[in-house]
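Colleague: Can you walk me through this one? I'd like to start with the overall picture and then go into details.

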Amino acid sequence: MRQITLKMWGFLFLVGVLCIYGSFMYSTDSNAEESRDETEMIVWSGEDAAAVTENDITFTGVSRETKVQDVMDDPVFEDYGRLIFPVDRTIRSDLTLEDVGDILTWYTYVNPDKTVEIVNYLGEQAAAGNTIFYDIYSDEEKAEDPSKEDTGLFFFRGEEGGKVAICNAGGGFVYVGAMHDSFPHALELSKMGYNAFALIYRPGSDTACEDLARAIAFIHENAEELQVDVTDYSLWGGSAGARMAAWLGSYGTEAFGEEEYPRPAAVIMQYTGLSEVTGNEPPTYNCVGTSDGIASYRTMQDRISRIQSQGTDAEIEVFEGLPHGFGLGEGTVAEGWIKNAVAFWERQMEEE
């Protein structure tokens with residue numbers, strides 16, 4: 001009897017152990033399932049997932065000795081790093097930020113320290129999870145026309161709800177010299193509180209204007225998400241980029257394949273020999289050097305005079321001895337012109 005009882009207790013003990021083990025396994029599986037559910041929720045939660053990924057990416061500051069290729073390949077810039085420098089120029093594998101001016105034909109006074117500042121700004125913003133680049137064309141549009149892959153807007157954020165400036169670099173409609181002719185301007189404007197965008201566009205005057213028209217449309221359509229004020233926006237440009245700004249200002253977005261959007265409050269132009277005056281020009285500021293062998297300062301003076309004669313606000317600054325493509329003009333007689341241009345733009349805001 002006792003033997004049977006012991007056997008029975010042994011059996012009951014074994015059953016108890018199995019029940020406890022089963023309960024433990026069920027609990028473990030349930031916790032694991034919940035853990036998997038939470039993981040799946042994080043992985044597939046869209047914007048949150050992107051934020052986690054972005055926060056996991058770090059950025060190491062650059063210097064004059066940093067290679068351009070290393071900047072373009074930096075994971076912090078995802079797939080748009082290649083657009084920071086001209087995609088239509090051959091870039092040597094050993095080219096450093098010190099010598100970026102070597103690939104910026106027609107430009108002078110390229111400042112390596114400003115190049116370093118710009119790359120560090122973009123890298124730090126991207127690593128902090130801030131969006132610094134926007135596609136202006138859909139995937140479908142880019143698939144239909146692969147050249148649109150090489151377009152987009154770099155965003156230099158100012159104050160929330162601040163006014164908008166769209167900057168367009170030159171490059172003879174052969175390449176986009178943004179690192180000297182639009183990024184520095186956009187960065188300085190952002191320091192003043194303005195929300196500045198630098199457009200990377202397709203070479204060719206027609207396609208360039210189409211891309212600028214699309215950029216204007218994109219910013220207007222997404223102003224709330226971008227947290228910007230598009231009223232009284234301005235268009236900026238140097239050389240070929242100045243022609244783009246002038247043409248969009250005079251003819252409007254509807255002339256280049258987009259719906260009609262408001263014209264800019266001001267057009268800011270540097271060193272371009274554009275002579276045509278349509279009668280529809282917005283208020284226009286120009287600056288140029290007397291030693292510019294590409295854009296005649298006399299041609300620019302004449303155009304400004306003709307715009308003024310129509311009763312439209314316009315002004316020009318001519319800098320003695322400066323050649324073509326001086327950019328911000330740091331260290332030259334033109335240094336500070338951008339503040340005068342901003343004052344001109346702000347004057348148009350007040351008048352409206």
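Modeller: A term to begin with: a contact means heavy atoms within 4.5 Å. Among contacts in the protein chain between residues at least 6 apart in sequence, 71% join residues at least 24 apart. Keep in mind that this is a predicted model.

Colleague: How many helices and strands does the protein chain have?

Modeller: The protein chain has 12 helices and 8 strands.

Colleague: And what share of the residues is buried?

Modeller: Of the 352 residues in the protein chain, 49% count as buried. Buried here is under 20% relative accessible area.

Colleague: What about the accessible surface, how much of that belongs to carbon and sulfur atoms?

Modeller: The accessible surface is about 16,800 Å², and 50% of it belongs to carbon and sulfur atoms.

Colleague: Which residues form a nonpolar patch on the surface?

Modeller: W106, V174 and I294 do, with about 290 Å² of accessible area together. V174 sits in the loop between β3 (163-168) and α6 (178-181). V174 counts as partly exposed, because its relative accessibility is 42%.

Colleague: New topic, aromatics. How many aromatic pairs are there?

Modeller: The whole structure has 19 aromatic pairs. One of them is Y134 with F218, a tilted pair with 5.8 Å centre to centre and 50° between the planes. Y134 is in strand β1 (residues 133-134) and F218 in helix α8 (residues 205-221), 84 residues apart, and the pair links these distant parts of the chain.

Colleague: Are Y134 and F218 buried or exposed?

Modeller: Both Y134 and F218 are buried.

Colleague: Why do F155 and F197 count as stacked?

Modeller: The planes of F155 and F197 are at 5° and the ring centres are 4.3 Å apart, so the pair is stacked. The cut-off for stacked is planes under 30 degrees apart. F155 lies in strand β2 (residues 152-156) and F197 in strand β4 (residues 195-200), so the pair ties together parts 42 residues apart in sequence.

Colleague: And how accessible are F155 and F197?

Modeller: F155 has 1% relative accessibility, so F155 counts as buried. F197 is at 0% and counts as buried too.

Colleague: Which residues do ring pairs link into a cluster?

Modeller: The cluster holds F59, F77, Y80, Y121, F133, F154, F156 and F183.

Colleague: You mentioned rings. What sits over the ring of Y175?

Modeller: The charged end of R89 does, 4.8 Å from the centre of the Y175 ring.

Colleague: Let's go to helix α7. Why is α7 said to be largely enclosed by the rest of the structure?

Modeller: Helix α7 (residues 183-191) has 9 residues and 8 of them are buried, so the helix is largely enclosed. The buried ones in α7 are F183, P184, H185, A186, L187, E188, L189 and S190. F183 also belongs to the ring cluster.

Colleague: What comes just after α7?

Modeller: G193 is there, with a positive phi of about 100°.

Colleague: Now charges. How many salt bridges does the structure hold?

Modeller: It holds 22 salt bridges. In general, side chains of opposite charge can pair when their charged atoms come close.

Colleague: What does D150 form a salt bridge with?

Modeller: D150 pairs with R82, and the closest N and O atoms are 2.5 Å apart. D150 is in the loop between α5 (139-144) and β2, and R82 is in the loop between α3 (68-73) and α4 (112-127), so the pair ties together parts 68 residues apart in sequence. D150 is partly exposed at 25% relative accessibility, and R82 is partly exposed at 32%.

Colleague: Where do K142 and D139 lie?

Modeller: Both lie in helix α5, 3 residues apart, which is about one turn of the helix. K142 and D139 form a salt bridge with the closest N and O atoms 3.9 Å apart. K142 is buried, at 7% relative accessible area, whereas D139 is exposed, at 58%.

Colleague: And E258 with R214, how far apart are the closest N and O atoms?

Modeller: They are 2.8 Å apart in that salt bridge. E258 is in the loop between α10 (240-251) and β6 (266-270) and R214 in helix α8, 44 residues apart. Both E258 and R214 are buried.

Colleague: Last one: which residues do salt bridges that share partners join into one network?

Modeller: K114, E117, E188, K191 and E330. E188 is also among the buried residues of α7.

Technical notes:
Residues numbered from 1 in each chain as written. Predicted model: local features only at pLDDT ≥ 70, side-chain atom pairs only at ≥ 80, totals over all residues. Heavy atoms only, no water. Helix = DSSP H or I, 4+ residues; strand = E, 2+ residues; numbered from the N terminus. Buried < 20%, exposed > 50% of the residue type's maximum accessible area, 1.4 Å probe, protein only. Areas by Shrake-Rupley, 256 points an atom, 1.4 Å probe, with all protein chains shown as cover. Patch = residues over 30% accessible without salt bridge, like charges linked within 9 Å, V, L, I, M, F, W, Y side chains within 5 Å. Salt bridge = Lys/Arg side-chain N within 4 Å of Asp/Glu carboxyl O. Phe/Tyr/Trp six-rings, centres within 6.5 Å; stacked < 30°, edge-to-face > 60°. Lys NZ or Arg CZ within 6 Å of the ring centre and 35° of its normal.
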